[in-house]
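User: I am new to this structure. Please walk me through the terms used for it.

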Amino acid sequence: MSIDWASLGQVFGVSLVVTVAMVGVFTLGIVGTSRKPQGTQDGAAGAAAATTAPTAVARTGAYACFALCAAAVAYGIYLIVA
């Protein structure tokens with residue numbers, strides 16, 4: 001039996017990079033969904049409306065991160081099944 005160490009090293013390297021990248025993307029998704037509006041204590045309507053936009057952008061980015069993770073998982077399942 002002969003082991004192609006170069007190919008094994010490439011598979012290890014790619015697996016490591018993709019794993020770290022997917023964990024990072026998932027972490028960004030969690031951080032984006034956990035952002036709360038930075039409203040004021042006195043309940044001013046203008047300040048609450050001003051903080052809604054950054055929160056919506058963060059939530060949209062978080063959903064995009066989760067979609068990217070789901071796409072990577074689906075692609076991996078496709079590679080295994082096909």
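**Reading the model**

Analyst: The protein chain has two helices and zero strands. Helices (H or I, at least four residues) and strands (E, at least two) are DSSP runs, numbered from the N terminus. This is a predicted model, in which local features need pLDDT of at least 70, side-chain atom pairs count only at pLDDT 80 or more, and totals for chains, interfaces and linings use all residues. Residues are numbered from 1 along each chain as its sequence is written, and side-chain values use heavy atoms, with hydrogens and water left out.

User: Why is Trp5 called exposed?

Analyst: Buried means under 20% relative accessible area, exposed over 50%, and partly exposed in between (1.4 Å probe, protein chains only). Trp5 has a relative accessible area of 60%, so Trp5 is exposed. Trp5 lies in helix H1, residues 5–33.

User: Which residues make the nonpolar surface patch?

Analyst: Met1, Ile3, Trp5 and Leu8 make the patch, of about 570 Å². Patch residues have over 30% relative accessible area and no salt bridge; like charges are joined within 9 Å, nonpolar side chains (Val, Leu, Ile, Met, Phe, Trp, Tyr) within 5 Å. A salt bridge is a side-chain nitrogen of Lys or Arg within 4 Å of a carboxyl oxygen of Asp or Glu. Accessible areas come from the Shrake-Rupley method with a 1.4 Å probe; for residues, only the protein chains shown count as cover.

User: Is Val57 buried or exposed?

Analyst: Exposed, because its relative accessible area is 60%. Val57 sits in helix H2, residues 45–81. Its C-alpha atom is 8.6 Å from that of Gly32, 25 residues apart along the chain.

User: Which residues does Met22 contact, leaving aside neighbours within four places in sequence?

Analyst: Met22 is in contact with Leu68, Cys69 and Ala72. Contact means heavy atoms within 4.5 Å. The C-alpha atoms of Met22 and Cys65 are separated by 9.2 Å.

User: Why are Cys65 and Cys69 called buried?

Analyst: Cys65 has 16% relative accessibility, so Cys65 is buried. Cys69 is at 10%, so Cys69 is buried. Across the protein chain, buried residues make up 11% of the 82 residues.
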